[in-house]
Amino acid sequence: MLKNWKKVSLATVLLSGLVLGACGNGSDGEAGSGDVTITYSIWDKIQQPGMEAIAEAFEADNPGIDVKVEVTPWDQYWTKLEAGAKGDSMPDVFWMHSNEIAKYATGGVLMDLSETYANSEVTSLDHFPEELVELYSADEAVYGIPKDYDTIGLWYNKTLFDAAGVAYPDETWTWDTMLEAAQKLNDPDNGVYGILAPLNRQEGYHNFIFQNGGYVLSDDKTESGFRLDETIEAVQWYADLSVKHGVSPTQSQFAENTNLSFFQSGRGAMGFFGSWMTGEMANNDYTAANADVAPLPKGKQAATVFNGLANSVAASTENEEAALKFVEFLGTEEAMRLQGENGAAIPAYEGTEETFLKAYSQFNMQVYVDQMENAYIKPYSAETARWEDVENSALMPVFDGTTTVKDVAADIVAGVEEVLANEK
Amino acid sequence: MQTKMNKTTALIHIVLIIGSLLMVVPFLWMVLTSGKTISESTQIPPQIFPEVFQIENYKAVWNSLPFVSFYINTGLMIVFRVLTSTLFSAMAAFAVAKLDFPGKNTVFSASS
Amino acid sequence: MMKSDVAIPKEKTVGTVTPAQRKRKMALWGWFFIAPTLIGLLILNVIPLFQSLYMSFQSVSTFGTSTFVGLDNYLKMLQDPEFWQSLKNTFFYAGIQVPITIILSLFFAVLMNTKIKAVGLYRTIFFLPMIAAPAAVAMVWRWLFNSEYGLLNAVLDKLGYSGNILWITDPEVAIWSIIIVGIWTNVGYNMILLLAGLKEIPKEYYEAAVVDGAGPLKQFFSITLPLLSPQLFFVSVTSVIGALQVFDIIFMMFDRTNLALKSTQSLVYMFFNESFVLNDKGYGSAIAISLVLIIMAITGIQLLAQKNGSPTTRSE
């Protein structure tokens with residue numbers, strides 16, 4: 001009896017091992033014999049339809065290649081990618097971000113795409129904004145092909161503006177006009193705030209720093225911009241919207257509800273949102289009907305933070321030819337147009353922006369494109385997350401009103417510069 | 001004696017009912033909120049029941065992620081994990097409880 | 001049936017089976033049966049533990065290149081105020097959540113052990129919190145705790161208390177919110193374990209006690225508690241270990257910009273933050289190893305306490 005029992009249990013264990021192993025390998029084989037399947041990894045599900053449209057167009061021209069678009073939410077995207085890099089199991093083609101490019105480029109896990117693009121018959125790097133190409137290059141090698149760019153806009157609630165009798169924001173607005181309008185629109189008794197200014201960098205105070213003539217990181221990436229009075233002033237002004245003037249929700253309130261949820265429930269008359277949030281605005285019934293976008297207000301100058309994603313190829317990819325073909329296609333005018341038409345993002349290819357504008361014709365999208373004239377690249381370095389965390393932690397009490405930017409500036413400078421020094 | 005029993009029983013039931021409610025309220029709230037529109041869910045003070053239960057919310061979620069393959073994956077995982085872990089644990093427990101072999105105590109302490 | 005198969009091999013004739021050979025056979029069987037679990041433990045627990053230990057002595061930069069730094073990470077940790085704060089938070093959470101959970105589980109288990117109708121239904125309902133995924137639980141509670149849209153403050157308001165409690169943004173209150181969620185999640189599971197233990201206590205003891213004139217309270221303290229001590233011990237050890245590792249609810253309920261995070265951040269949260277967000281896996285590993293040592297120490301203390309303090313031991 002025991003012996004039979006033992007045989008059965010052994011058999012079950014072995015069988016499960018076999019089946020599991022087979023299951024693991026079998027899922028790639030759906031494409032059919034002879035087909036190559038490459039994975040294209042992205043993090044924004046709002047852009048997924050656009051990416052799939054591009055994949056389909058590519059597959060139509062290249063019948064032997066299947067492109068599988070995978071969405072991994074932002075919070076897990078980088079953990080997963082890094083794990084893949086260490087285990088040589090990265091996706092073939094994937095989105096790259098300015099926060100992380102330095103790390104991945106120096107880590108040697110990205111394929112150099114300069115040759116592919118130099119020899120390409122259908123596209124070239126000249127069609128993209130120079131700063132973006134530079135952002136994703138290192139020493140002659142190009143590790144990412146610009147995919148899109150984004151800037152920040154001032155979204156406003158037309159209904160609330162109409163009810164308060166305030167004129168809509170436009171390119172003449174300055175910090176002071178914005179504050180004035182916010183004060184008129186502020187209605188705390190009904191839970192409505194004039195403006196939504198959370199502790200946020202790319203969509204928040206970094207823009208104000210540049211508008212005031214300051215900077216976040218020095219060009220050589222050794223010094224923190226918090227050494228400058230202009231920077232300190234700008235951040236304090238931004239924080240004061242909540243702390244001093246009460247026209248923006250408190251830090252605690254933002255900890256519970258995002259600025260987007262305030263805006264979409266009609267509780268914020270104005271808010272700062274990047275162009276990548278347009279899909280959200282369009283899909284939500286309330287904002288689709290009541291919101292529109294205007295350029296950011298001017299400080300000493302007009303400025304916005306801009307960023308751009310790129311498409312990269314894993315150095316360890318097993319499908320080099322297919323992956324390179326796809327990444328080449330991603331940089332063509334056709335792919336860029338598809339991207340814009342599907343409202344995914346503002347395509348980086350010069351001349352194709354209009355597709356994005358048309359996709360969201362109900363909003364004044366031209367604003368995002370126009371602001372590129374005064375755009376500053378989103379501050380980045382090899383360990384962006386680390387120094388951003390220093391800024392974040394130090395500024396939390398400022399936004400809560402318990403201290404001022406001036407008091408914490410020295411700490412920020414010390415912390416940020418320590419991170420930068422360690423990067424060398 | 002009879003009345004005493006009933007009083008105690010009733011009391012016990014009341015306490016258990018209160019406890020059960022506490023256990024269940026978050027789930028109820030989750031289901032109720034799943035049927036509200038964004039503005040209904042962000043009302044002050046909170047509204048308990050949605051005006052109309054929004055099935056669209058469920059449709060939107062179902063369409064946004066490949067749930068079918070998620071369910072299949074989870075199902076497979078459950079089957080194999082339950083089978084193998086029950087089997088292995090039973091085997092190990094049997095060995096430790098009924099058989100005597102050198103190193104048994106060390107292994108038992110180490111594995112706990 | 002199985003035992004006889006092992007002890008008396010059929011091929012040999014009586015007399016040629018030496019006790020030594022029988023012992024050897026049993027040993028082999030023993031090792032075989034425990035092998036899968038052991039191998040699993042080795043691969044999934046022991047080896048990664050040693051890897052973490054190894055990593056804690058390194059400064060790990062991206063993509064694997066690491067340099068040996070000896071005890072630097074540990075020294076850094078001991079001087080890091082954030083570490084001590086996380087330690088304090090974790091202990092506070094465990095120190096409050098575990099006793100309350102156990103007391104409540106015991107209370108409800110005793111109630112469910114009585115002859116009342118619908119016990120099965122109550123049991124199922126109490127177990128529900130355990131089946132929900134921690135991430136989902138955290139999201140729902142986050143919503144319940146919302147100071148403006150949440151049900152909790154609305155109910156409190158109805159009951160007459162109109163102070164708006166900032167459950168998850170007030171540094172003083174936040175840790176209690178996590179404790180509440182922790183209790184809610186674990187009472188059901190521990191209750192089922194204790195209930196199983198309660199059912200094992202022979203009714204005769206209680207009957208004898210009633211004959212001797214003991215009231216329900218005396219019965220509880222003289223019979224129930226001592227005879228339940230193995231289960232109680234198990235429940236308390238596992239609860240403490242689990243509580244010291246709290247992470248999911250904190251991670252899901254508190255954003256990085258939440259001021260209350262500092263006063264709720266647990267050791268595992270700090271480990272995660274350092275290793276995966278701030279990219280210093282060496283330092284993160286040091287924190288993880290420290291937590292392992294702490295848990296081992298506390299579990300060891302509990303084991304000793306049980307050995308020395310247990311009154312009667314039940315016969316198998």
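Reader: What should I know about the model and its numbering?
Author: The model is predicted: local features need pLDDT of at least 70, side-chain atom pairs count only at pLDDT 80 or more, and totals for chains, interfaces and linings use all residues. Residues are numbered from 1 along each chain as its sequence is written, while chains are lettered from A and ligands numbered from 1 in the order in which they are written.

Reader: How is chain A divided?
Author: Domain 1 covers 33-149 + 308-349, and domain 2 covers 152-306 + 373-423. Such bounds come from an automatic or database domain assignment. The C-alpha centres of the two domains of chain A are 30 Å apart.

Reader: How many residues make the contact there?
Author: Domain 1 of chain A gives 13 residues and domain 2 of chain A gives 13. Contact means C-beta atoms, placed from the backbone, within 7 Å.

Reader: Which helix gives the most on the domain 1 side?
Author: Helix 4 of chain A, with three residues. Helices are DSSP runs of H or I, at least four residues, and strands are E runs of at least two, numbered from the N terminus.

Reader: New topic. How many helices and strands in chain B?
Author: Chain B has five helices and zero strands.

Reader: How much of chain B is buried?
Author: 12% of its 112 residues. Buried means 20 or more other C-beta atoms, placed from the backbone, within 10 Å of the residue's own.

Reader: And how is chain C divided?
Author: Into domain 1 (2-56) and domain 2 (72-309). Their C-alpha centres lie 36 Å apart. The contact takes five residues from domain 1 of chain C and eight from domain 2 of chain C.

Technical notes. Contact = placed C-beta atoms within 7 Å.
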